[in-house]
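Me: I am new to reading protein models. Can we go through one together, feature by feature?

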Amino acid sequence: MSKAADEQECRDDAVTGGFVYQANTDAERRLTRKIDLRIVPTVWVLYTLSYLDRANIGNAKVGGLEAHLTLTSNQYSVVLLLFFVSYVLFEIPANMILTRVRPSIFLSGLCFIWGGIAACMAAINSWQALAVVRFCLGIVEAGFAPGVAFYLSSWYKRHELAKRYSIYYTATAVSGAFSGLLAGVITEHLKMARLIEGWRWLFLIEGIGSCFVALFTWMILPDWPSTTKWLTPEERSIAIQRLKHDGIGGVSANGAAEPSHKESLKLALVDWRTWFLVVMYMLATGSQTIQYFIPTLVGQMGYTGFSQQFMTIPIYMVALVCILAFCFISDFRKERGNYVSLTSFIAGISFIVVVSVNSNHVKYAFLCFAVGGVYATCPLTLLWVSSVIDHPAEKRAVAIALVNGLGNSASIYGSFLWPSTDAPRYVQGFATTTAFVLALCIMAQVFKFLMKKYPAEGLKVEEEFRQDEKQSDIASV
């Protein structure tokens, strides 16, 4: 063993207090429940607020923003595009920073800042000003989604992740549904209250709400397993060692033996798995840009006013069910690839039906299934990163940010797939989205085959650990 390895082992022993880890004990289950109660609900609330402040522009558009600014289809697409430009550019730097700071402060601080920026959209009077504010919003929100993905992977084992991440990711569906309901109420009942338009009230209320919540979340979230003070020494030991047994690298205490930002970036860039997952996630998120046009698509089915906002809710509720069902089953079955393929296939077939039939009721039903499939595909694809690019932690952080960042770059051109001139069928948008999800369906199976042929080192460790566990159980019997 090298001198550096000896020094790292001594540091780990100092952090864990010499406790010996045993898998699946009552102590580990108590620890998991303890961190679940603090992490999962808190990041869920933060992500709900993130999506409310990001996606409410679609509700504001049909609630009076489009008419007030005389917004054209191309101008609206540019406004959406600029958010994703800054979002993509700042994801990797943000995740690099996260590995060196307290996540409780970092994530809550982002929420407070983006809430303030979102509230500023209430003051705009031109589409150019709206575009600038959305660009700034993208800079701040860039650190949150990949940050949470890395944060969760630093607390949970591989096959504990999808269940927790799916609950967290339902915030996208809940915020979409709640956004429609809230937008309908605000734009209808606060229209011209104190001489302020309803869509301005929408931006103002949701932005200030994010700032308020952020004042409390930092007190609830834990930091890293080795630095969280309200855990006992035994709990810290279990938290650190159970990830090691699962072949996952953690963030070191006191900055010990950490690769530099440059080294971490290089490690992620030269790994072929990173780029394969980038392409897969680009296909997933490219198809998810439909979320910004759901109110418009519902309007093409004959719904107007409050009904148009209200009828977006069932679509997001179906998405919520799909996210939970497929991610929970994926964890239970310890399988990612087949469920990525299944959900993307469901979405692809549903998109074909939507664009092919004339009945608005059938269109609406299959739009629900299509959005549900797309929303389930995204977390399953992103979680694959933590499973196959597991250590060191700094490399994992960069890989998650790179996949999430470049993946979301698909939203840059995806925002131009639904021009108003294509109404009412939007053939271009549906055809492209269908091609995306069906290509993802095939690529998931190819990646699964390649991972069996060239397995990740961490997955080898996990398999060896399972064999040791099995032999230990037999010996106990």
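Me: Is Lys163 buried, exposed or partly exposed, and what is its relative accessible area?

Reply: First, the ground rules. This is a predicted model, where local features need pLDDT of at least 70, side-chain atom pairs count only at pLDDT 80 or more, and totals for chains, interfaces and linings use all residues. Residues are numbered from 1 along each chain as its sequence is written, and side-chain values use heavy atoms, with hydrogens and water left out. Buried means under 20% relative accessible area, exposed over 50%, and partly exposed in between (1.4 Å probe, protein chains only). Lys163 has a relative accessible area of 24%, so Lys163 is partly exposed.

Me: Which residue does the side chain of Lys163 meet in a salt bridge?

Reply: A salt bridge is a side-chain nitrogen of Lys or Arg within 4 Å of a carboxyl oxygen of Asp or Glu. Lys163 pairs with Asp331, at 3.4 Å from N to O. Lys163 lies in helix H7 (residues 158-189) and Asp331 in helix H14 (residues 313-333), so the pair ties together parts 168 residues apart in sequence. Asp331 has a relative accessible area of 2%, so Asp331 is buried.

Me: How many salt bridges does the structure hold?

Reply: There are 15. One of them joins Glu197 and Arg200, at 2.8 Å from N to O. Both of these residues are buried.

Me: How many helices and strands does the chain have?

Reply: Helices (H or I, at least four residues) and strands (E, at least two) are DSSP runs, numbered from the N terminus. The chain has 20 helices and 0 strands.

Me: What span does helix H5 reach from its first C-alpha to its last?

Reply: The expected span of a helix is 1.5 Å times one less than its number of residues. Helix H5 (residues 127-141) has 15 residues and reaches 21 Å, close to the expected 21 Å. Its buried residues include Leu130, Val133 and Leu137.

Me: Which helices do the buried residues of H5 pack against?

Reply: They pack against helices H2 (26-69), H3 (73-98), H4 (103-120) and H6 (144-153).

Me: Where is Gln288, and which residues is Gln288 in contact with, leaving aside its neighbours within four places in sequence?

Reply: Contact means heavy atoms within 4.5 Å. Gln288 sits in helix H11 (residues 272-288). With neighbours within four places in sequence left aside, Gln288 is in contact with Tyr51, Tyr169, Val374, Tyr375 and Cys378. Gln288 counts as buried because its relative accessibility is 5%.

Me: What percentage of the chain's residues count as buried?

Reply: Of the 477 residues, 58% count as buried.
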